[in-house]
Amino acid sequence: MRRKKNLVQIFRKPGAQRDEPPPRRFLKLLGPGLITGASDDDPSGIATYSQAGAQHGYGMLWTMLFVYPLMTSIQEISARIGRVTGQGIAGNIRRHYSVWLLHPLVILLLIANTINLAADLSAMGAAVKLLIGGPALLYVVVLAGVSVVLQVRIPYSRYAKILRWLCVALFAYVATVFMVKIDWGKAVTGTFIPNLVLDGRSLTMFIAVLGTTISPYLFFWQAAGEVEEVKSKDEVKPLKQAPEQAPKETQRIVWDTYVGMAFSNIVAFFIILTTAATLHQNGKTEIETAAQAAEALRPVAGPLAFFLFAVGIVGTGMLALPVLAGSAAYAVGEALRWPTGLERKAREAKGFYAVIAIATLLGLALNFTPMDPIKALIWTAVINGVTAVPLMVVMMLMTTNRKVMGQFTLSRYLLVTGWLATVLMAAASVGLFWTWGE
């Protein structure tokens, strides 16, 4: 109730336009959290959720409810780091901890993001080919080029608006559900009653879902998004310098993160639900890519469901590409003390934009090799798992350290849920290696 009251106070802030409707004012609260959450449903994530629904039917729906509080907590912690300090995660680790810890984490992030970029570009090219025909590799080249040009040429304050509109593409997966026949009894049971079979295949799928929803690149991007908000607005300062801004900004971060992650998990839920009701019910249990899931939907759910699913792949991919490349660039730039930020012109942050271009081009180049999409996803999950655990430990230590956060250290709720998420990711990483090859 307290948070709702504060939200109303935000809506009624002095100077606000009286004729501006509350929904529009609410949308203005959404920024880095919404974009981060939506980018989590990238083509690689869609492939993972499609596999979950195709292989296990309604039995994996509960994972979306289970992971939500942990996901929101770690993302809110990431946002607070950026908003309180005015620096991203890598910049704070460099300043307060050892570069011997930072540099390996950044290298692993760069490798994982590059592979993820390759897998996403591959899925996007395949989706466009399914929609209009023609050579998939040509579409991959065009999409990669468009993404890089937009990031280099458009300032963050304008580019963020484009990314927010791209979030609309995810509604394609919500719409798809209403075109297929759902066994709602099984769906409700699968949502609220966990059913984790302790065999290698089920554990691997659970770990894959967990690793898709809690990924290091999301931490870096949301923190960097908050830093960009500080840099792009003269009246906004890091909370350590302007603690009087804390009540309003803290509530904005809470709502932005919780809505953004809810959006992400609802879409993932609908993807699992759609593929469970169609592919699993028709015996199509082996899905390797998002494009393959779209193609498999055509004969069992109809051409419109196929079309929406395929269009969603392209839309979410265009949202995810800058997040993957940008988070790597923020991490590398802050680690090496380069000027960083999408608000800067290219000549002002040459190294930062070079990382964006190089990571995207390397992802593009991997599409001209005999890359196995499944192996690419597996290796991305492995590297993310290895990177996430030490990174989350450092983030938890950082946000309880007054030298870093000043008076804005974590609340008890974030402290408990943040450490729970960290322990769960550590267990998932161990489980990933335990189930390797099964």
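A nonpolar core, for today, is a set of buried Ala, Val, Leu, Ile, Met, Phe, Trp, Tyr and Cys residues joined through side-chain atoms within 4.5 Å, where buried means under 20% relative accessible area with a 1.4 Å probe, protein chains only.

Hello everyone! What you see is a predicted model, where local features need pLDDT of at least 70, side-chain atom pairs count only at pLDDT 80 or more, and totals for chains, interfaces and linings use all residues. Residues are numbered from 1 along each chain as its sequence is written, and side-chain values use heavy atoms, with hydrogens and water left out.

Confidence next. pLDDT is the predictor's confidence in each residue, from 0 to 100; its mean over the chain is 87, and 92% of residues reach 70 or more. Residues 1-18 fall below 50. Where pLDDT is low, the predicted coordinates should not be read in detail.

Now the core. The largest one has 131 residues, and those touching the most other members are Ile89, Ile214, Leu273, Phe309, Ile313 and Leu342. Its largest share, 17 residues, comes from H16; helices here are DSSP runs (H or I, at least four residues), numbered from the N terminus. Beyond its neighbours within four places in sequence, Ile89 has contacts (heavy atoms within 4.5 Å) that include Phe219, Phe220 and Met395.

On to helix H8, residues 136-153. Which of its residues are buried? They are Tyr139, Val140, Leu143, Ala144, Ser147, Val148 and Gln151. These cover an arc of only 160 degrees around the axis, so they sit on the same side of H8. They pack against H7, H9, H16 and H17.

Notes:
Buried < 20%, exposed > 50% of the residue type's maximum accessible area, 1.4 Å probe, protein only. Helix = DSSP H or I, 4+ residues; strand = E, 2+ residues; numbered from the N terminus. Arc of directions from axis to C-beta.
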